[in-house]
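Colleague: I have some questions about the wording used for this model. Can you take me through them?

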Amino acid sequence: MEREKILEVKNLKKYFPAGRKKIIKAVDDVSFDIYRGETFGLVGESGSGKSTTGRTIIRLYEATGGQVLFNNEDVHGKKSKEELLKFNRKMQMIFQDPSSSLNPRMNVMDIIAEGLDVHGLVKNEQERRERVEELLEVVGLNREHATRFPHEFSGGQRQRIGIARALAVEPEFIIADEPISALDVSIQAQVVNLLKKLQKERGLTYLFIAHDLSMVKYISDRIGVMYLGNLVELADSDELYNNPVHPYTKSLLSAIPLPDPEYERNRKRIVYDPSIHDMSEEPEFREIRPNHWVRCTRKEFEQYKKELEERE
Amino acid sequence: MSKLLEVKDLRVSFHTYNGEVQAVRGVNFHVNKGETLAIVGESGSGKSVTTSAIMGLLPKPQAEIKSGQILFEGEDLVKKSNKEMQKIRGADISMVFQDPMTSLNPTMKVGNQIMEGLIKHQGLSRTEARKKAVELLDQVGIPHPEVRINQYPHQFSGGMRQRVVIAIALACNPKLLIADEPTTALDVTIQAQILELMKDIQKQTESAIIFITHDLGVVANVADRVAVMYAGKIVEMGTVDDIFYDPRHPYTWGLLGSMPTLDSEEEELYAIPGSPPDMLNPPKGDAFAPRNKFALEIDLVKEPPMFQISDTHYAATWLLHEHAPKIEPPASVKKRMEGFAKTGGKA
């Protein structure tokens, strides 16, 4: 089955100036595609550039180089107001910290309806109220909550408000940047279940950015691993967990503690040593198996390939 | 094994404008010498308040210990004056906090921060203390300790800062180390290093550790015994195997079920509905009952006592009463238990 690409990221670069003559390459030549209806997980440690990638895709940052194609149209570059509006409506974002991403001086009704107002999606006050109340129920809150302010809610409820706001303009694609990291364990499961349910009902596509690998594995169809601004490995979730190839992916997987004491007693941590890489040429992103990509040099490619064959 | 610390019927309340918040409502547990006890629970379950009470760090006058005893080597810490507690804190009992950036003094060289306790509690001279500080930094795995000792906290990375905090906590060879979410602010690979470090040090020094966390993966890694807290009470307590492979309290089921394992394929995670109760007006009966789909009628009326399941395993749920209906844990939790049976039972 030919899958339709909703988003194509091509050689995306985002550099930040850091003092005189110094630049931080937060995202350095990252390329991947996201298909319609899937969940693409992006994992990595702090400083790996995963959030910067998400924010550059939605144009919160201007890209330093490269292209982001959304429905075959370039996101960056000069755009008229109408074009920008159209694009903003189709792509939405859910942020990590629900208390700092909601305006404390606006009530829930106005927070959720802001997108509706901007895009002129409702004709009158009554329709506006009905839409907001409907959205509140979709995310598992009550109609009565519409008149309240963000501080009156718990963290999990605030994240639901953030989700309702993102859904208001009926987007196709949602970037969720660590949407559950700030929540308690029992609430995390509620929010993840909600995101999955909404995806099923509305055919949404997600870019799910997180550092909690077991949750990413659970929610994602495909996963990309980032390290210091580069995408080092990309594969279907099961393939990535069962057959990690890049030494950094292996080390990351071996570092996650799982809620299983027996597994924990036997877990051996693999330490990543960047100096083991072949330095003879610039590494490139190569396909080691169908749909399994890894950043490596030609020499490493052969070596990884052999490892994979031996494992079978 | 002998008991190093014993907490008996501890009750702590906070007096606020809105009334009395009952943060801890009758907690009983003990810590043996040299073991690690993990306390798990969500925010607001009272786990940090319990340890603040042990350290004598409750904010006064808002917080009040309503009743209970905290016996450390037989002496009741609740009755100690502030001055007496100062002698114990940092010497016999020390603490590692969650955020190493806020628990270190940004205007003081890390060396001086480590030496502080050594000079105060052990009466070392500055030169001796300095020598010991270098050794400590070396012990917690900081390269070039003789250079690093003269640096300020901002010159360290997050993981390195947490190592410094651990070095300070270890300086006077404490008998009990309380670690309040020590790895929550760190990346997974750094977290793994810090956990390994803490386990190594425990082996060398034989100090006991109370480890507070909400991450069940970390619990499975470090703990000998586990206490699960909910709404100011311990609802289940047992060895790490008891809790992970034979959980009995529906709240523990919920916690375990809400975390996906790497091979979970279920369409939906087992989520606990609702949110934790407001401790201004703790619910009557079992505080977890409103979120518990297995709740019995009695749960809404009368609080369940602690039922003993084995020598080490206790849980406070009416489901364990002999007249209670037999209820199976949810599928995802059962699957986990069965997986364990396959690996051959006891480790």
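Predicted model: local features only at pLDDT ≥ 70, side-chain atom pairs only at ≥ 80, totals over all residues.

Colleague: Which residues is Lys233(B) in contact with, leaving aside its neighbours within four places in sequence?

Modeller: The partners are Arg25(B), Val27(B), Ser45(B), Val228(B) and Glu303(B). Contact here means heavy atoms within 4.5 Å.

Colleague: How far apart are Lys233(B) and Ala192(B), in sequence and in space?

Modeller: They are 41 residues apart in sequence. From C-alpha to C-alpha, the gap is 30 Å.

Colleague: What are the domains of chain B?

Modeller: Domain 1 of chain B covers 3-212, and domain 2 covers 228-343. Their centres, taken over C-alpha atoms, are separated by 29 Å. Domain 1 of chain B brings 23 residues to the contact and domain 2 brings 15 residues. The buried area between these two domains of chain B is about 1500 Å², with 59% from carbon and sulfur atoms.

Colleague: Which residues in domain 1 of chain B lose the most area to domain 2 of chain B?

Modeller: Arg25(B), Val40(B) and Glu42(B). Together they account for 42% of what that side buries. Arg25(B) is also one of the contacts of Lys233(B).

Colleague: And chain A?

Modeller: Chain A has domain 1 at 5-243 and domain 2 at 246-312. The centres of these domains of chain A, over C-alpha atoms, are 28 Å apart. In the contact, 20 residues of domain 1 of chain A meet 18 residues of domain 2. About 1700 Å² is buried between the two domains of chain A, and carbon and sulfur atoms give 60% of that. On the domain 1 side of chain A, Tyr227(A), Val232(A) and Glu233(A) lose the most area, together 29% of what that side buries.

Colleague: Why are H5(A) and H6(A) called roughly parallel?

Modeller: Helix H5 of chain A (residues 155-168) and helix H6 of chain A (residues 185-202) pack at an angle of about 20°, with axes 10 Å apart. Angles under 35 degrees count as roughly parallel. Therefore H5(A) and H6(A) are roughly parallel to each other. Their crossing is right-handed.

Colleague: Which residues of H5(A) and H6(A) make the contact?

Modeller: H5(A) uses Gly156(A), Gln159(A), Arg160(A), Ile163(A) and Leu167(A). H6(A) uses Ile187(A), Gln190(A), Val191(A), Leu194(A), Leu195(A), Leu198(A) and Arg202(A). By class, that contact has 7 nonpolar, 3 polar and 2 charged residues.

Colleague: What joins Lys60(B) and Pro61(B)?

Modeller: A cis peptide bond, with omega about 5°. Pro61(B) lies in the loop between helix H1 (47-55) and strand E4 (63-72) of chain B.

Colleague: What is the phi of Asn71(A)?

Modeller: Phi is positive, about 50°, although Asn71(A) is not a glycine. Asn71(A) is in the loop between strand E4 (65-70) and strand E5 (73-74) of chain A.

Methods:
Residues numbered from 1 in each chain as written. Chains lettered and ligands numbered in written order. Heavy atoms only, no water. Domains from an automatic or database assignment. Buried area = accessible area lost by both parts, 1.4 Å probe. Helix = DSSP H or I, 4+ residues; strand = E, 2+ residues; numbered from the N terminus. Axes fitted to C-alpha atoms, helices over the stretch in contact; angles between N-to-C directions. Parallel < 35°, antiparallel > 145°, perpendicular 65-115°, else oblique. Left-handed = near helix turned anticlockwise from the far one by under 90°. Nonpolar A, V, L, I, M, F, W, Y, C, P; charged D, E, K, R; others polar.
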